[in-house]
Amino acid sequence: MRALPVAVAVLLLLAPVVGTGPPTAAGSPASVGAADSIGSSSSPATASPAPARLSTPLPRQTTDENRTFRTLSVPDGGPVRTETTTYSANLGPSLGVAVGETSGAMETETIVQRVEAAETSEDRQRLIVDALDRVERDEASLHDRQRAAISAYASGDLSNREFVDELVRVAAAAREYDSRLEALDSLADETSGFSTPARLAELQVRLQVYEGPVRAHALAAGGGDASGADIHVQSSEDALVLATIADGQYVREVFRLDRWDRSGGSISTDAAINAVSDAYPETVSLRQPDAFGAGAIQRITVPHEFGLLRTFVSGGTTRVFVEHQRIDLDAFDDTEPVTEAGDGFDVTVDRSYAGGPVTVTVRDEESGDPVSDVTVTKRVGDADSRSIGDTNEDGVVRTLSPADTYRITVVDEPRVVVVDGLEPIATPAPVETE
C-alpha cells in the first residue's frame, strides 16, 4: 500500500493561492523524481516472463560512416506549427502537478482500502473490476485530451508554455493511473478464486505511451529540479514532436495519432520487433531489441551503446506510432558541416534536421586550438538574434535546429564571424515497408 505524500496538507493549502485548477483539471500526476526516465520502465503486470529477442543477430555498425539514428516526424502535407520555447521553473503549474499527484494518490489509497475491507471474495472482485473499468475510461479521456491539445496548438489556440504544461499534466496523470493498475494487480493476486484480468496488461502499456523523456525533463525543469531548457515543439493536426538537449544527450519524443489504430487487433512480439527492425535498421544493429506488450500494443526497446530507442507499435497498422530517443551528443552523426573563417576564427556549424542538435565549434584560425568563452548567437528568419551560450573548453556550444533558415554569429569584440543562410537538413526518416 503506497504512503501518501508528506506535503499533502501544505500543497492543498497553497494550490488556491497560486491559482491552480482543481485536481480533475490537472489530472492525477506523479512525482517529479519518478518521471525522470525515457518512459515508464516497468513491464505490464502480466507481461511475458522473458523479453522477446531477434533469433538472428543483425550485423553491428563498425564505423561512424554509416551511423544514423532514424526518427519519426510530423507527416507531410497539411499545416505544421514549429517553435522553440524555453521551459524553466514556474511555481503555479508545478504546484498544480503536485496537487494532482496528491489527489490521484488519495484516490488510489481509497480504492485499496475499500477492496481490503470487502467482506467476501465476490465483493473484492467487483470492486477491482469497477476500478479497472474506471482507469479504462480515464485512459480514453487522456487520449481525447491529448488529441485536443495537439490540434489546438497546431491551429495556434495554445501558447508554447500552455501546450507543454498540458502534455506534462497528461503524462503525469498517466503515470498515476499506471501505478493504480499495479495496486489493482496486487489486490487481484491476493483475492481468492480471482486472477488479474488480461486487459489490465494492455491498458498499462497504453498508459505508458503518454509518458516521454522530454516531458519528464520539462516536469523536472518546471519544478526547479533541473535546469531550464529550450524545447523544440512541432505539431500538425494529428502528430507531435518534442525535442531538447539535456545531460549531454539529445532527447526526442514523437507521437503519431495517424499511426495508432486504437481498435486494432492483437499484435505479436515477433511482428512488432520485425516492424521496428525494418524501420530502424541501423539502430537495431547496435543491439537486439526487447519487447513487452499485450493485446493491440507492443513496446519495443533498444538500449544501445549511444543511448536508447523506445517505440510503441500498434496492432492493426503494425507501425510505430510513438518513439522516444536518447542519443549521446558526442555520438550524434546526422549532421552536415558548414565552415566559415575570418577575424582569426575558424567556425564550423554542424547542421541537423529541424529539432535536431546543432553543434557550433570555434577554433583559432592559425593554431586550430579550440576557443572557449566566446559568445554565440542564433537568428531565425527575420527574428531578433538570441544568445545560445558561450563556447566551452572544447570550443563548442550547442542549440536546436530551427525549421527555417537561420544564422549563427560568433562574437568576441571586436571580432565577429557570421555563418549565414543555414538550412536544416532532411530528417532521416524510418524505412517504410509495404
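Student: Where does pLDDT stay under 50?
Tutor: Over residues 1-37; pLDDT is the predictor's confidence in each residue, from 0 to 100. The model still has 76 contacts beyond four places in sequence for that stretch, a contact being heavy atoms within 4.5 Å. Residues 39-63 are also below 50, with 64 contacts beyond near neighbours in sequence.
Student: OK, and what's the mean pLDDT for the chain?
Tutor: It is 84, with 79% of residues at 70 or more. This is a predicted model, so local features need pLDDT of at least 70 and side-chain atom pairs 80 or more, while totals for chains, interfaces and linings use all residues. Residues are numbered from 1 along each chain as its sequence is written, and side-chain values use heavy atoms, leaving out hydrogens and water.
Student: Switching topic: which residues have the most contacts inside the largest nonpolar core?
Tutor: L184 and F255, in a core of 48 residues. Such a core is a set of buried Ala, Val, Leu, Ile, Met, Phe, Trp, Tyr and Cys residues joined through side-chain atoms within 4.5 Å; buried means under 20% relative accessible area, with a 1.4 Å probe and protein chains only.
Student: Which helix gives the most to it?
Tutor: Helix 5, residues 160-189, with 12 residues. Helices are DSSP runs of H or I, at least four residues, numbered from the N terminus.
Student: And what does L184 touch, leaving aside neighbours within four places?
Tutor: I111, I128, A131, L132 and L200.

Conventions. Buried < 20%, exposed > 50% of the residue type's maximum accessible area, 1.4 Å probe, protein only. Helix = DSSP H or I, 4+ residues; strand = E, 2+ residues; numbered from the N terminus.
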